[in-house]
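This report is intended for a reader meeting the structure for the first time. Please look over the sequence and the model before reading on.

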Amino acid sequence: MEESSKKEGGQPAATGLRKGLTNYGDNGFSLFLRKAFIKGAGYTDNALDRPVIGIANTGSAYNPCHGNMPQLIEAVKRGIMLAGGLPMDFPTISIHESFAAPTSMYLRNLMSIDTEEMIRAQPMDAVVLIGGCDKTVPAQLMGAASAGIPAIQLVTGSMLTGSHRAERVGACTDCRRFWARYRAEEIDGEEIADVNNQLVASVGTCSVMGTASTMACVTEALGMMVPGGAAPPAVTSDRIRVAERTGATAVALAKQRITPDRIMTEKAFENALRVLLAIGGSTNGIIHLTAMAGRLGIDISLDRLDALGRETPVLMDLKPSGQYYMEDLHKAGGVHALLRQLKPLLHLDTLTVTGRTLGEELEAAGPGFPQEVVRPLAEPIYPQGGIAVLRGNLAPGGAIIKQSAADARLMEHEGRAVVFENLEDLANRIDDEALDVEADDILVLKNIGPIGASMPEAGYMPIPRKLARAGVKDMVRISDGRMSGTASGTIVLHVTPESAIGGPLAYVRSGDRIRISVQRREISLLVSDAELAERAKANPVTAPKAERGYRQLFLKTVTQADKGVDFDFLRARPDGRLDPNAA
Ligand code: FES
Ligand code: MG
């Protein structure tokens, strides 16, 4: 038995199992009980008398993006034990993009609450968060930021690419591309069934720069992940080694008591936003970073994002903005290859989970080698950041467009609105041969904001079938919803305030004219204020309500896109106090 436990009569030192002993009044008895129960699993006093490192296990049969969870947990545990800690894995909610109805966004905050409260409730000195699929990483980091104990993120890593008739394919940019070809009757039923077997070639997260890859890259830039932790694919030995390193780092983090608020600072979020812009990252990344920052009392404004975007070029040549996949980024040196190029634009003095600064880690990573996935700063894929912020009478609170994935021809455009009132209306009419729509029109979809429909990724509206058949590949599309990070097109998203609470979008009618100018950062409905007020008066909007349960909580407290779609009561309090349980 170690010295420290002898001193305290066989009880663990100040950390470990002793943490949070309050439930029975008598601390000695509380610990006695705790140890009695954990010994039911066969632990010795020696095993228990050391820093306890929690591991948030998000494995689930419904989540193939987390399909390597057992191997990762084993490696994390090895890393923790080699560094002298005691690993304790525990389950939390898991969310997969395709298996979460009505939307994965609906459940992100619930997962963050689960994560926060289980970290808070159970004795642990630090926590390893294992996530991967889109909403899981932000949910875990939101929860950890609020719980306030040392935390480190591990991601499951990307899936491998597949091959369809000798063509390289990966989820899910190619899912959309092939489905669009099927809709346009360019490929038949047999071929689309063949493609279906090849798009997801292994466990792991989507292989393009979708939300999962985006969150992995920005989390490394934030400093919440071991250096080099973002890029290794799920099934590689490198991924397993990252897991082992993560476990060991968690023990050091616990000993140094480096809490998330010391790493996720305003400067660190600025680095993360730079990376988001430079990778042509998912638009969802903005919502997630805003929500994470909000947990720490840091405000991410759309105007700041836009200002950063004007001076941060897209350097990462990954789909959907470019041509490569995550496994290529890994071979090209991972996120360091990008950070090295972005160095003049980054805050290098930000702290990371290693206890060293981002600048020190970059220095240690060395000079890199020639590769083609990350371009030099002077030869960007796209001269500005991937995302631009638009404002105007249609979106007084802002809207965004992923300009790097849009059609240059449509970024300065005026057209006639073709309006769909909600998702059902869209599904019923979009393929109607009688739909009055032309290629130059602007498709408008209402009621898919946070309150309207828990913000589904339906902002990527399909091109009406008759136009798709005629060869139309892109149109301007506007909504208060989100879009998958794997999608592309001239698509305006996150229109704020949303239509379901009476934002101006609610009053657009088919036939109105709309103007967008990405250059001037403008989105205008060419209808007078008086006319809009008239329409609002004639058809006032009633926001949806729920009788009970989580949905009631969601509808009552969810914020708009510009506040990260977090629940208002989960954001840091205005007095700066982070612990909601504190009096
Ligand atoms: Fe899980 Fe794409 S569906 S990362
Ligand atoms: Mg996605």
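In which handedness of crossing, left-handed or right-handed, does α9 pass α13? In this predicted model, the crossing in which α9 passes α13 is right-handed. The report begins with the helices around this crossing, then turns to the domains and to local backbone features.

Helix α9 covers residues 211–222, and helix α12 covers residues 266–278. Helix α13 is formed by residues 284–294.

| Helix pair | Angle between axes | Distance between axes |
|---|---|---|
| α9 and α12 | about 145° | 8 Å |
| α12 and α13 | about 175° | 11 Å |
| α9 and α13 | about 45° | 9 Å |

With an angle of about 45°, α9 and α13 are therefore oblique to each other. On the α9 side, Thr211, Thr214, Met215 and Val218 take part in the contact, and they meet Asn284, Gly285, His288 and Leu289 of α13. The residues of this contact comprise three nonpolar, five polar and no charged.

The pairing of α9 with α12 also involves a right-handed crossing. Here Thr214, Cys217, Val218, Ala221 and Leu222 of α9 meet Ala268, Asn271, Ala272, Val275 and Leu276 of α12. By class, eight residues of the contact between α9 and α12 are nonpolar and two are polar, with no charged residue.

For α12 and α13, the axes pack at an angle of about 175°. The two helices are therefore roughly antiparallel. Phe269, Ala272, Leu273 and Leu276 of α12 make this contact together with Gly285, Leu289 and Ala293 of α13. Six of the residues in the contact of α12 with α13 are nonpolar and one is polar, while none is charged.

## Domains and annotated regions

The domain assignment divides the protein into domain 1 (50–160 + 202–365), domain 2 (164–197) and domain 3 (388–538). The centres of domain 1 and domain 2, taken over C-alpha atoms, are separated by 31 Å.

An unreviewed UniProt entry places the feature "domain: Dihydroxy-acid/6-phosphogluconate dehydratase N-terminal" at residues 50–360. The span of residues 50–360 is 49% helix and 9% strand, and its end C-alpha atoms lie 29 Å apart. For "domain: Dihydroxy-acid/6-phosphogluconate dehydratase C-terminal", the unreviewed UniProt entry lists residues 372–564.

## Local backbone features

Which residues are joined by the peptide bond that is cis with omega near -10°? This bond runs from Ala171 to Cys172. Cys172 lies in the loop between β6 (167–169) and α7 (173–183).

Another cis peptide bond joins Lys319 and Pro320, with omega about 5°. Pro320 belongs to the loop between α14 (302–310) and α15 (326–331).

Glu185 has a positive phi of about 60°, although Glu185 is not a glycine. The loop between α7 and α8 (189–198) contains Glu185.

Note on methods. Residues are numbered from 1 along each chain as its sequence is written. Chains are lettered from A and ligands numbered from 1 in the order in which they are written. This is a predicted model: local features need pLDDT of at least 70, side-chain atom pairs count only at pLDDT 80 or more; totals for chains, interfaces and linings use all residues. Domain bounds come from an automatic or database domain assignment. Axes are lines fitted to C-alpha atoms, for helices over the stretch in contact, and angles run from 0 to 180 degrees between N-to-C directions. Helices (H or I, at least four residues) and strands (E, at least two) are DSSP runs, numbered from the N terminus. A crossing is left-handed if the near helix is turned anticlockwise from the far one by less than a right angle, and right-handed if clockwise. Two residues are in contact if their C-beta atoms, placed from the backbone, lie within 7 Å. Ala, Val, Leu, Ile, Met, Phe, Trp, Tyr, Cys and Pro count as nonpolar, Asp, Glu, Lys and Arg as charged, and the others, Gly among them, as polar. UniProt positions are given in the numbering used here, feature names are shortened, and annotations may be inferred rather than shown by experiment. Angles under 35 degrees count as roughly parallel, over 145 as roughly antiparallel, 65 to 115 as roughly perpendicular and the rest as oblique.
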